[in-house]
Amino acid sequence: MDTVTGHPLYDAAGNKLGKIVDVLGLYGGADDIGWLAVKVGLRGTKLVPNTGVEPGEDGFTTPFTKEQITSAPKVPPHFEPAGDDREALLSHYGVRLAGL
């Protein structure tokens with residue numbers, strides 16, 4: 001796959017979570033992560049850490065569950081999360097950054 005956007009995102013159990021509509025924050029340092037903006041049905045767009053995302057046959061798979069993604073804190077989905085929004089997302093997904 002040439003690009004990530006436009007492809008579906010699945011959880012580890014194979015449940016389709018939605019379509020990846022944007023990729024944010026991949027220009028940070030080695031201790032930072034990027035985010036996938038995923039259109040999740042009627043629930044809007046959710047940000048998902050790109051940590052552990054793997055390509056598959058017709059999309060990408062994330063280690064996070066459907067429940068984790070649909071219950072993620074609501075933050076602006078078209079900007080890289082910062083400050084309290086970033087901390088809330090990292091805590092929700094249980095992601096720790098290197099050096100922290």
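Which backbone oxygen lies 3.4 Å from a polar atom of the side chain of K46? It is the backbone oxygen of T70, and the views below place this contact in its setting. The model is predicted, so that local features need pLDDT of at least 70 and side-chain atom pairs count only at pLDDT 80 or more, whereas totals for chains, interfaces and linings use all residues. Residues are numbered from 1 along each chain as its sequence is written, and side-chain values use heavy atoms, with hydrogens and water left out.

View 1. Strand 5 is joined to strand 6 (residues 60–61) by 2 bridges in an antiparallel arrangement, with E54 opposite T61.

**View 2. Strand 4 and its partner.** Strand 3 (residues 35–39) and strand 4 run antiparallel and are joined by 5 bridges, and K39 stands opposite T45.

View 3. K46, in strand 4, is buried yet has no salt bridge, the nearest side chain of opposite charge being D85 at 12 Å; a salt bridge requires a side-chain nitrogen of Lys or Arg within 4 Å of a carboxyl oxygen of Asp or Glu, and Lys and Arg count as positive, Asp and Glu as negative, while His and the chain ends are not counted. The side chain of K46 also reaches the backbone oxygen of A72 at 3.0 Å. Leaving aside neighbours within four places in sequence, K46 is in contact (heavy atoms within 4.5 Å) with L36, A37, V38, V40, I69, T70 and A72.

**View 4. The surroundings of P49.** P49, also placed in strand 4, counts as buried because its relative accessibility is 0%. Not counting residues up to four places away in sequence, P49 touches I33, G34, W35, F64, Y93 and V95. P49 and A37 are 12 residues apart in sequence, and their C-alpha atoms are 9.0 Å apart in space.

Note on methods: Pairing = 2+ DSSP bridges. Helix = DSSP H or I, 4+ residues; strand = E, 2+ residues; numbered from the N terminus. Buried < 20%, exposed > 50% of the residue type's maximum accessible area, 1.4 Å probe, protein only. Polar contact = N/O pair within 3.5 Å; in protein donor to acceptor, adjacent residues only side chain to side chain.
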